[in-house]
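Subject: Structure handover, ligand surroundings

Hello,

Here is the structure for your files. My notes on the two ligands follow it.

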Amino acid sequence: MTKTIRTAIGLMSGTSMDGIDIALLRTDGENVVERGPSMGIAYEQSFRDRLKQALVAARDLTDRTARPGDLGAVERNLTLRHAVAVSDFLYRHDLSPGEIDVIGFHGQTVLHRPDEALTVQLGDGALLAQATGIPVVYDMRANDMVHGGQGAPLIPVYHAALSASAGQALPTVFVNIGGISNLTFIGRNGEIVAYDSGPGNTLIDQWVEMHTGAAYDQGGEIASTGKVLPSLADRYLGSSFFSSNQRRSLDRNDFLPPQKGEAGLADGARTLAHVTAAAILKSAKHLPEPPALYIVCGGGRLNRVIMQDLLDLARVQNATVIAAEEAGFDGDAMEAEAWAYLAVRSLLNRPLTFPGTTGVAAAVTGGMLCMPEKSGLLRPD
Ligand SMILES: Nc1ncnc2c1ncn2[C@@H]1O[C@H](COP(=O)(O)OP(=O)(O)OP(=O)(O)O)[C@@H](O)[C@H]1O
Ligand SMILES: CC(=O)N[C@H]1[C@@H]2OC[C@@H](O2)[C@@H](O)[C@@H]1O[C@H](C)C(=O)O
């Protein structure tokens with residue numbers, strides 16, 4: 001029997017808070033994965049600042065549905081920005097809302113406390129469904145936590161489908177270097193072991209922004225002129241996170257950037273790039289077997305210093321490091337593709353997370369479905 005192929009759009013606003021990634025995917029929710037077009041829409045600085053304020057406002061939340069202060073307005077604005085992104089994307093690719101079966105909407109994580117089973121994503125699924133006229137699946141982390149999981153990472157099941165659809169040799173390992181980095185190992189029998197591996201770009205971004213106002217270290221240019229400060233690097237790499245077998249997921253604020261006076265701009269950027277690479281290799285020690293190949297996606301693969309350090313550190317372990325594109329994938333669109341894939345799986349009531357990914361007691365599905373009652377494009381204030 002042939003399975004139904006659905007057309008889905010995935011929307012990701014990640015921990016870097018740099019913008020919205022959007023991608024089209026056609027999938028049966030299993031191993032049929034046909035990647036479509038994608039695009040990124042950057043937030044302007046003032047909205048990034050507003051999101052950073054939202055992190056502060058969310059810090060003391062104990063109820064994941066509460067939206068004190070500016071949080072409600074930010075959530076509405078963020079959601080309508082996603083609606084505009086969908087509208088622009090459809091227009092650009094000559095698609096109509098009726099051709100899209102579902103949108104997978106991540107929203108913006110503003111708080112993640114796995115130890116307290118608390119994760120908060122800003123993003124109003126009902127509003128997005130109303131604004132786009134397309135069914136929306138959102139809030140995909142919560143059900144995992146209800147069942148004892150850490151609510152992240154969710155992308156591994158998509159990595160496995162992508163790998164299977166590409167006929168990759170197993171085992172294989174994906175590394176996502178976003179704001180936080182995470183690792184997915186897919187074993188010979190398709191078994192998945194995955195977890196967050198440490199700080200990705202978030203420390204470098206904050207460090208560079210505090211010194212220069214720039215959002216990130218483009219290409220690793222700043223880092224390339226600095227030197228690694230061993231004591232600073234050791235402070236991060238000595239974190240108990242790396243030796244814990246319990247902790248699988250991280251909050252953006254679990255690792256904080258150095259104080260401004262602790263290093264010069266270039267040495268700080270160089271050290272933090274090294275920390276990003278070394279953290280991945282350190283966390284990889286918890287995988288079932290040493291990887292022979294790391295496939296790197298996420299914005300961190302565009303930082304040449306991170307990539308060179310990863311290559312050098314992996315070489316010592318006889319492993320190779322390649323960017324997602326070298327394996328035929330799209331390193332910028334992968335998370336958005338994953339949210340499209342997860343939305344289809346959610347519609348099918350298929351598991352999103354597994355004991356080997358989030359530590360959930362048994363594989364569970366997740367996500368809330370919102371059907372559009374009436375359509376009509378709303379715009380952010
Ligand atoms: N050309 C570039 N050179 C260096 N770094 C870059 C470049 N482009 C993007 N980045 C880095 O990648 C980050 C964005 O990466 P990405 O979009 O994968 O993260 P995210 O999805 O927000 O995070 P997460 O995966 O943690 O949710 C930027 O904040 C920046 O640090
Ligand atoms: C709580 C949350 O939003 N976590 C993100 C974050 O960014 C990277 C890493 O930490 C990962 O655990 C997760 O996102 C990816 C896309 C995931 O869930 O697979």
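The domain bounds used below come from an automatic or database domain assignment. The model is predicted, so local features are given only at pLDDT of at least 70 and side-chain atom pairs only at pLDDT 80 or more, while totals for chains, interfaces and linings use all residues. Residues are numbered from 1 along each chain as its sequence is written, chains are lettered from A and ligands numbered from 1 in the order in which they are written, and side-chain values use heavy atoms, with hydrogens and water left out.

Ligand 2

The shell around ligand 2 takes at least three residues from domain 1 (6–150 + 366–370) and at least three from domain 2 (167–327). A residue counts as near a molecule or strand if one of its heavy atoms lies within 4 Å of it. There are 15 residues around ligand 2, and Thr109, Arg141, Leu154, Ile155 and Asp196 come nearest.

- Thr109: a polar side-chain atom lies 2.6 Å from an oxygen atom of ligand 2.
- Asp196: an N or O atom of the side chain is 2.7 Å from an oxygen atom of ligand 2.
- Ile155: a polar backbone atom is 2.8 Å from an oxygen atom of ligand 2.

On its own, ligand 2 has 430 Å² of accessible area, and the protein covers 97% of that (Shrake-Rupley method, 1.4 Å probe; for residues, only the protein chains shown count as cover).

By type, the shell around ligand 2 has seven nonpolar, five polar and three charged residues. Nonpolar means Ala, Val, Leu, Ile, Met, Phe, Trp, Tyr, Cys and Pro; charged means Asp, Glu, Lys and Arg; the others, Gly among them, are polar.

Ligand 1

Around ligand 1 there are 22 residues, of which Thr15, Gly179, Asp205, Gly219 and Glu335 come nearest. An N or O atom in the side chain of Thr15 is 2.3 Å from an oxygen atom of ligand 1. Backbone contacts to oxygen atoms of ligand 1 include a polar atom of Gly299 at 2.9 Å and one of Ile180 at 3.1 Å. Ligand 1 exposes 650 Å² when taken alone, and the protein buries 87% of that.

The shell around ligand 1 divides into 13 polar, five charged and four nonpolar residues. Domain 1 and domain 2 each supply at least three residues of this shell.

Regards

Definitions and conventions:
Polar contact = N/O pair within 3.5 Å; in protein donor to acceptor, adjacent residues only side chain to side chain.
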